[in-house]
Amino acid sequence: MDYEFLNSFETSLQNNLLKTCTTNGMLSGTLLESADIEQRWHDFAPEYMADAVKEIAQYPTVALVWAAYLGMGVANMWHTDWEKCSKMTYSEFYGSRGFDDMDDNILFNIMGVPQASADADRIKDIMRIVGDYTLSQIQHSGIEPQSIMAFHTFSRACKVLFRIGAAIELNRLGYEYKAVTLN
C-alpha cells in the first residue's frame, strides 16, 4: 500500500476543498473540527463505505458527497444534542428511501434547513462543487480503477468530505477559531 500517496492525496484534497469552500463563502479559511465529530466518522465509515461503494459506478458524485452531508448531520447533532448524537446509529441519518435520500433527510429534517430556501440552495451548490472536484481529483490521480488503491483513495476522499461537511455546518452554526492570549 502506498501510504505516502494516500496521505498526500488526502492532505492536498482537504487543502483544496478548504480553499474552494472559503472562496464560495461556506468556510472562513479554517477547517473547523472536533475530535467527537471525527470519532463519529470512524464509527460510521464501514457502513457508509458499504453503501457508497455500491453507488460508485452509476452515481460517483453521490457516493462521495453523501459523506459531506453525513458530516453536516453529525456536526449539527453535536451542536444540538451531543448525548443523543454520540449514541445514534449510522442508519438514523438515512432518509425514507435509505441511503438514496440521506442528503435530504440530513439537510431538511436533521439540520432544519427550509426546503426551497437560499440556504438549501447554497448548501446543495457547494456540495455539487466539492463532489465534482473530488471526483475529478480521483480520476486524475493515476490510480488503476477498481483496484485496492482506488478503494483506499475513495475512502480517504470520503473522510475528507465528511470533515468538510462538518466544518461547513459548524461554520453555519457560528463556530469559529479565535486567538486567545494567555498570561
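How are H3 and H6 oriented to each other? The first view below answers this, and the legends then turn to other parts of the model. The structure is a predicted model, in which local features need pLDDT of at least 70 and side-chain atom pairs count only at pLDDT 80 or more, whereas totals for chains, interfaces and linings use all residues. Residues are numbered from 1 along each chain as its sequence is written, and side-chain values use heavy atoms, with hydrogens and water left out.

**View 1. The packing of helix H3 against helix H6.** H3 and H6 pack at an angle of about 130°, with their axes 9 Å apart, where axes are lines fitted to C-alpha atoms, for helices over the stretch in contact, and angles run from 0 to 180 degrees between N-to-C directions. The two helices, H3 and H6, are therefore oblique to each other; angles under 35 degrees count as roughly parallel, over 145 as roughly antiparallel, 65 to 115 as roughly perpendicular and the rest as oblique. Helices (H or I, at least four residues) and strands (E, at least two) are DSSP runs, numbered from the N terminus. The crossing of H3 with H6 is right-handed, a crossing being left-handed if the near helix is turned anticlockwise from the far one by less than a right angle, and right-handed if clockwise. On the H3 side the contact involves Pro60, Thr61, Leu64, Val65, Ala68, Tyr69 and Met72, and on the H6 side Ile123, Lys124, Met127, Gly131, Asp132, Thr134, Leu135 and Ile138, with contact taken as heavy atoms within 4.5 Å. These residues of the contact of H3 with H6 divide into 10 nonpolar, three polar and two charged, where Ala, Val, Leu, Ile, Met, Phe, Trp, Tyr, Cys and Pro count as nonpolar, Asp, Glu, Lys and Arg as charged, and the others, Gly among them, as polar.

**View 2. The packing of helix H3 against helix H7.** The axes of H3 (residues 60-80) and H7 (residues 148-172) come within 6 Å and cross at roughly 40°, which makes H3 oblique to H7. The crossing of H3 and H7 is right-handed. Residues making this contact include Ala67, Gly71 and Trp78 of H3 and Phe154, Leu161 and Gly165 of H7, and the residues of the contact of H3 with H7 divide into 18 nonpolar, three polar and two charged.

**View 3. The largest nonpolar core and Met127.** A nonpolar core is a set of buried Ala, Val, Leu, Ile, Met, Phe, Trp, Tyr and Cys residues joined through side-chain atoms within 4.5 Å; buried means under 20% relative accessible area, exposed over 50%, and partly exposed in between, with a 1.4 Å probe and protein chains only. Of the 58 residues in the largest nonpolar core, those that touch the most other members are Tyr48, Tyr69, Leu70, Phe93, Ile123, Met127 and Ile168. Two or more residues come from each of helix H1 (3-23), helix H2 (35-53), H3, helix H5 (102-110), helix H6 (118-139) and H7, and H3 gives the most to this core, with 12 residues. Leaving aside its neighbours within four places in sequence, Met127 is in contact with Val65, Ala68, Tyr69, Met72 and Ile168.

View 4. H5 is mostly covered, seven of its nine residues being buried, namely Met102, Asp103, Asn105, Ile106, Leu107, Phe108 and Ile110. What covers these buried residues of H5 includes H2, H3 and H6. Just after H5, Gly112 takes a positive phi of about 75°. In the loop between H5 and H6 lies Ala116, which has a positive phi of about 55° although it is not a glycine; Ala116 is exposed, with a relative accessible area of 80%.

View 5. Arg156 is found in helix H7 and, at 16% relative accessibility, counts as buried. Leaving aside its neighbours within four places in sequence, Arg156 is in contact with Tyr3, Leu6, Asn7 and Glu10. Cys85, in helix H4 (residues 82-85), counts as buried at 1% relative accessibility. With neighbours within four places in sequence again left aside, Cys85 is in contact with Arg40, Val74, Met77 and Trp78.
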